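Please read the points in order, with the model open alongside.

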Amino acid sequence: MAYEPSEEPVALKILVAGGFGVGKTTLVGAISEIRPLRTEEVLSDRGVGVDDLDGVEGKTTTTVAMDFGRITIREGLVVYLFGTPGQERFWFMWDELSYGALGAVVLADTRRLTDCFPSIDYFEQRGTPFIVAVNCFDGAERHEAEDVRIALDLDPDIPVIMCDVRRRASAKVVLVTLVEHALRTLTPAAG
């Protein structure tokens with residue numbers, strides 16, 4: 001069905017969550033059609049002893065509020081992407097960011113897999129559909145999706161996929177997988 005100008009435009013909201021340094025800002029930037037809004041700040045002395053830099057020693061900035069990007073699917077249908085801050089001290093933003101979201105991508109880094117547990121817990125507790133996308137970092141050991149599912153104790157219906165968030169095509173697969181999962185989750189079964 002073609003979009004008719006008299007129809008109300010549809011906006012979908014998707015969250016991108018996960019631990020510190022997992023690639024949330026990179027995913028939003030790789031897929032957004034606009035220059036993403038980023039609230040990146042340089043890591044400072046205030047983070048010493050608070051931010052765990054193990055595995056991400058080269059990281060020099062962090063998101064302090066959110067990342068924002070947009071994708072126009074067609075006239076009248078737009079996807080808004082909101083990257084959440086990864087550090088616990090900024091989690092107060094999550095409730096505001098998640099309001100009205102279709103679903104969420106939980107990014108995981110196998111070198112720091114436990115960092116995605118707070119995101120998984122958050123979306124499970126709120127009944128928000130989510131998928132887990134394992135960002136395959138250069139030099140990181142590769143694991144099968146099923147092994148990650150077991151390690152994270154995920155239900156079998158939650159998709160776990162491998163990705164490289166630096167690549168637009170890979171980011172697209174992640175978002176399509178989430179939307180398909182959210183539609184299956186939120187649409188009552190016929191019968």
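1. Contact here means heavy atoms within 4.5 Å. Among contacts in the protein between residues at least 6 apart in sequence, 71% join residues at least 24 apart.

2. The model is predicted, so that local features need pLDDT of at least 70 and side-chain atom pairs count only at pLDDT 80 or more, while totals for chains, interfaces and linings use all residues. Residues are numbered from 1 along each chain as its sequence is written, and side-chain values use heavy atoms, with hydrogens and water left out.

3. Helices (H or I, at least four residues) and strands (E, at least two) are DSSP runs, numbered from the N terminus. The protein has five helices and seven strands, and from the N terminus on the elements follow the order β-α-β-β-β-α-β-α-β-α-β-α. Of the 191 residues in the protein, 48% are buried, where buried means under 20% relative accessible area, exposed over 50% and partly exposed in between, with a 1.4 Å probe and protein chains only.

4. Helix H1 (residues 24–31) and helix H5 (residues 168–186) have axes that come within 9 Å and cross at roughly 100 degrees; these axes are lines fitted to C-alpha atoms over the stretch in contact, and angles run from 0 to 180 degrees between N-to-C directions. H1 and H5 are therefore roughly perpendicular to each other, a term that covers angles of 65 to 115 degrees. The contact is made by Leu-27, Ala-30 and Ile-31 of H1 together with Arg-168, Ala-171, Lys-172, Val-174 and Leu-175 of H5.

5. Rings of Phe, Tyr and Trp (its six-membered ring) pair if their centres lie within 6.5 Å, and planes under 30 degrees apart count as stacked, over 60 as edge-to-face and the rest as tilted. By this rule there are four aromatic pairs. Tyr-122 and Phe-123 form an edge-to-face pair, 5.2 Å centre to centre with 90 degrees between the planes, whereas the pair of Phe-123 and Phe-130 is tilted, at 6.4 Å centre to centre and 35 degrees between the planes. Tyr-122 and Phe-123 are buried, and Phe-130 is buried too. Elsewhere, ring pairs link Phe-68, Tyr-80 and Phe-82 into a cluster.

6. A charge sits over a ring if NZ of Lys or CZ of Arg is within 6 Å of the ring centre and within 35 degrees of the ring normal. The charged end of Arg-126 sits over the ring of Tyr-122, 3.6 Å from its centre, and Arg-111 lies over the face of Phe-137, at 4.4 Å from the ring centre.

Terms used. Angles under 35 degrees count as roughly parallel, over 145 as roughly antiparallel, 65 to 115 as roughly perpendicular and the rest as oblique.
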